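Dear colleague,

I am passing the structure below on to you, together with a summary of what was found in it.

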Amino acid sequence: MSLFPEKYLFEELKAKAYDLDIPKIKLSDFSYITENLKYKLFKWQEDALINFLTYEAIKEREEDFASTHLLFNMATGAGKTLVMAATILYYYKKGYRNFIFFVNQNNIVGKTEENLCNTSHNKYLFAQNIVIDDQTVSIKKVNTFADFSDDIQIKFTSIHALHNDVYKVKEDNVFLEDLQRKDLIMLGDEAHHLNAKTIKNKGIQLEILATKELSEGASQDDVEKSWEHTVIELLLNKGSKKSNFTNKNVLLEFTATVPEDEQVRKKYLPKTIVKFDLKDFLKAGYTKEINLVSSSFDKKKRILQALLFNWYRHKIALKYNIQNFKPVILFRSKTVDIAEQNNSKDDFVFFKDLIQDLQSSDFDFLHEIDDTKLMEEVEIYKKGQSRIIDVKRFITENNISLKEIIDYMQDYFNERNCIITNSKTNKTKKEKTDEGTDRLLNSLEDKENHIRSIFTVQRLTEGWDVQNLYDIVRLYEGQNSGGSNKGKSGGATTSEVQLIGRGVRYCPFKFEEKEANKRKFDGDLNHELRVLEEFYFHSDNDERYLSELKKELKDKEWLTDNKVIKLFGFKKEFLDKNKDFQIFVNTRLDNKNKKKRKLPELHKDFEFAYKIENLAINETNIRLEKDEADKIRYDSGNSDFTTIGTKLKTFETHIIRKALNIQARKDNSIFRFCHLKEELEITSMDEVLDDKFFGSLKIDVLMVKTSYNGGLTKEENLQNIPNEQKLKLLVRFFEKLGNELKQISNPYIGSEFSAEKLIKLFPEKPKAVILDEKNTQLEAELIAKNWYVSNAFHGTSEEQKLMDFLKTVMGNFENKYDEVQFLRNEGVYTIYDFKTGKGFQPDFILLLKQNAQNLYYQVFIEPKGDQFKDEDNLFEKGKEGWKEKFLQEITEKYSITGNLKIENNDFRLIGLPLYNQKSSLDFKAKVKEYLATEIV
């Protein structure tokens with residue numbers, strides 16, 4: 001399929017689909033996928049699936065009967081396994097029943113098995129009941145595939161075990177001939193290991209372990225050679241050398257890391273269906289920020305500093321009422337060999353003794369810290385070193401005793417709450433975990449999981465998925481062997497980089513209206529909660545070692561010298577003239593008019609009626625007018641209709657789930673699991689059908705009295721309603737229920753606007769920014785303009801486009817108004833929607849003055865990119881549509897002279913439509929209408 005040898009597959013798909021006249025793929029057309037996943041997909045997951053589905057559409061259109069081999073290159077924490085689950089649903093719908101999941105480590109096999117098969121596991125990825133084509137689908141873990149089954153059969157295995165299964169015939173075990181006659185979907189995780197032959201071959205035939213079993217102690221090298229040969233040559237290609245036979249087999253590889261090898265790169269160019277690696281994940285803001293905390297501290301002090309950071313995060317989370325927050329520390333040792341220094345067992349004993357014997361004097365080192373020097377750091381990845389100053393300040397300001405801190409450490413870090421990733425029965429020099437340890441390590445976020453600290457060497461460098469790891473402490477010192485003196489980092493350093501990749505997974509928490517899964521304080525580095533968005537790697541300050549570590553991280557673009565802390569405020573000359581200048585702002589208030597009721601009252605008052613006029617007429621006049629439905633005015637004795645009273649739980653579960661999913665797809669829907677989980681304190685979607693939640697809510701179905709239903713029971717009448725009409729009924733039911741729930745859970749409103757001093761609302765603040773040429777150029781140009789009153793500029797691509805546009809038209813405003821001032825809001829000024837109290841921070845404010853009338857205009861301007869548009873290429877129905885509506889409400893309320901006054905001056909507030917360079921006609925029209933200024 002590859003058209004251009006230097007392009008990735010995903011870069012070719014759009015043009016190829018266009019050439020073949022394939023319509024744009026929409027996930028809404030694949031509802032059997034989205035409705036059967038437990039979680040809503042993030043944008044990058046949607047992009048991956050759309051690429052995948054586009055590829056499949058092209059393959060089908062071209063009548064390509066060759067096997068499929070694709071790579072999903074997605075960062076740790078980006079949700080590869082959820083995408084994998086989506087592909088399983090897709091291929092099941094296509095008729096596949098036999099799936100093999102394989103990986104290089106047994107602990108990853110167990111973790112994925114839980115995610116895909118264990119419905120009671122908190123990380124289970126499918127809906128509780130999978131329904132495809134109105135049939136309930138089961139997922140079964142198998143050792144061998146049944147010839148006739150309508151279930152999703154998955155064999156979970158390591159590549160080591162799969163290789164041996166292929167080469168030996170054994171009762172109840174798969175073998176090669178059996179597999180080669182089936183159509184298989186193979187799912188390879190941590191697939192960067194599937195390239196030993198590619199890397200080492202370099203065009204020379206390599207001897208492969210093709211006919212012998214691998215011993216239990218086989219080397220990683222031998223295992224990886226077997227992986228590539230067994231999976232691709234023997235299974236994917238069915239052992240055939242022919243290239244023109246019909247082969248329905250599929251191999252989907254998933255990895256966060258692709259080996260830095262030219263042969264491997266070329267191999268995957270025509271196979272890579274998505275590329276969203278950790279550097280993309282970091283830039284998108286869905287990870288913690290990486291901080292390197294190096295010091296001259298010895299092992300004891302490094303441990304104590306990490307423990308202080310842990311305690312501080314705990315206290316901050318309590319302060320902001322963040323529930324079930326449990327920060328974890330990983331302590332990294334050099335070896336598991338107890339005969340050598342810096343082994344994990346001795347390190348654990350050292351830690352245990354330190355915790356048991358903690359005294360106040362152990363923290364005397366805090367007085368030796370040079371606060372001034374630490375505060376001078378501006379590179380964001382070094383800023384974590386100054387957190388110790390915040391900890392000291394917090395202790396002093398809150399009058400906290402060292403005894404309280406010691407009590408916390410001795411309680412939370414006692415021996416029971418620590419774990420070593422090496423089985424007590426392991427007699428080898430290679431780390432091995434047992435099943436119980438793996439279970440604890442793979443559920444660290446659970447409330448019931450008591451583990452607070454982990455002692456490891458390199459067992460967790462791959463396949464480990466954890467959100468609440470905040471610190472990695474390197475317990476040994478100096479440069480790793482085999483390192484920078486050879487121009488290549490040592491294996492231990494590479495392992496540390498991989499561990500850091502595990503640690504940066506974001507730990508979600510709610511704060512105001514901000515997205516729970518995304519960093520919230522890149523624009524407010526002084527906010528206390530910022531510490532919950534930072535990951536720290538603690539080490540000694542050995543210069544050669546740090547140089548090697550930084551190089552590895554920068555080569556991967558996980559760190560950058562261009563990401564710095566920048567201060568944003570006003571130009572001095574503007575502040576000197578406008579110290580007392582006031583602008584208008586509103587606040588969020590408690591909603592005194594909200595319904596003071598909970599679910600029991602809702603059960604008592606909730607009424608819903610739905611009329612089905614004729615079962616033979618599909619979707620015609622079947623919905624009551626709202627006032628009719630709300631009042632339930634039908635009489636069961638009516639000669640035309642009969643009322644069948646029932647409850648939600650009497651409908652088929654798969655139709656209920658489909659209706660719920662339709663409502664959940666709406667932006668900010670209360671029916672998304674994350675929202676219902678918080679509102680109702682449920683652990684799975686199945687619970688919503690319990691009587692105490694929604695299951696017993698009343699539904700009245702109005703049906704025409706006919707001979708068709710006259711003699712049937714209520715249950716028989718309901719069963720005879722077609723599924724399409726039941727779905728329509730339930731969609732309307734949840735629509736009304738959602739409105740009721742919002743009234744219960746809408747605690748806030750936005751106040752009227754009132755005046756405040758500008759300098760109070762816009763304090764100078766630090767912000768983390770990545771310096772780039774365009775922003776640097778714009779900043780220089782803007783600061784030179786009299787009308788630009790901020791002292792810096794840094795914006796997104798859409799904000800840059802707005803500024804490029806405004807530079808060309810600001811003269812139009814200067815010709816019309818006596819004073820023109822334009823300022824950038826760096827996340828310090830928030831306005832709140834009148835009806836819901838939802839807040840947002842308009843990016844820019846334009847201040848205009850007409851001296852003759854003592855008239856001021858305060859104009860809100862907010863640019864938005866294409867990704868926020870709806871299907872009509874507008875913002876109205878999109879995620880940000882509520883902001884545009886709110887801005888219009890501000891204009892309608894405050895654009896009339898006399899509504900807002902300060903002394904003898906009149907103020908008008910104008911909220912312009914969201915600005916988008918490609919669709920700016922409405923923006924320009926409203927500028928002309930409200931500000932009497934024509935801009936083109």
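**What was found**

The charged end of Lys520 sits over the ring of Phe509, 4.2 Å from its centre, where a charge counts as sitting over a ring if NZ of Lys or CZ of Arg is within 6 Å of the ring centre and within 35 degrees of the ring normal. Lys299 likewise lies over the face of Phe350, at 4.7 Å from the ring centre.

Please bear in mind that this is a predicted model, in which local features need pLDDT of at least 70 and side-chain atom pairs count only at pLDDT 80 or more, while totals for chains, interfaces and linings use all residues. Residues are numbered from 1 along each chain as its sequence is written, and side-chain values use heavy atoms, with hydrogens and water left out.

**Confidence**

The protein averages a pLDDT of 84 (the predictor's confidence in each residue, from 0 to 100), and 86% of the residues score at least 70. Over residues 202-211 the pLDDT is below 50, and this stretch has 14 contacts (heavy atoms within 4.5 Å) beyond near neighbours in sequence. Residues 615-639 also have a pLDDT below 50, and for this stretch the model shows 48 contacts beyond near neighbours in sequence.

**The sheet and its helices**

Helices (H or I, at least four residues) and strands (E, at least two) are DSSP runs, numbered from the N terminus. An open sheet is formed by 7 strands in the order β5-β6-β2-β7-β8-β1-β9, with parallel pairing; two strands pair if DSSP finds at least two bridges between them. At its edges are β5 (139-141) and β9 (272-276), each of which pairs on one side only. Strand β7 (residues 185-189) is joined to strand β8 (residues 250-255) by 5 bridges, and the two run parallel; within this pairing, the bridge partner of Ile185 is Val250 in β8.

Helix α3 (residues 43-61) lies across β1 (68-74), β8 and β9, running at about 165° to β1, where axes are lines fitted to C-alpha atoms, for helices over the stretch in contact, and angles run from 0 to 180 degrees between N-to-C directions. Helix α4 (residues 80-93) packs on the sheet as well, touching β1, β2 (98-103), β6 (152-158), β7 and β8, and its direction makes about 165° with that of β8.

**Aromatic residues**

The structure holds 55 aromatic pairs; rings of Phe, Tyr and Trp (its six-membered ring) pair if their centres lie within 6.5 Å, and planes under 30 degrees apart count as stacked, over 60 as edge-to-face and the rest as tilted. Among them is the edge-to-face pair of Phe52 and Tyr91, at 5.7 Å centre to centre with 75° between the planes. This pair links helix α3, which holds Phe52, to helix α4, which holds Tyr91, 39 residues apart. Phe52 is buried at a relative accessible area of 0%, and Tyr91 is buried at 1%; buried means under 20% relative accessible area, exposed over 50%, and partly exposed in between (1.4 Å probe, protein chains only).

One aromatic cluster includes Phe570, Phe753, Tyr829, Trp882 and Tyr894.

**Two loop residues**

Most residues other than glycine have a negative phi. Asp134, in the loop between β3 (130-132) and β4 (135-137), has a positive phi near 65°, and Asp134 is partly exposed, with a relative accessible area of 49%. Glu903, in the loop between β30 (900-902) and β31 (905-911), has a positive phi near 55°, and Glu903 counts as exposed at 73% relative accessibility.
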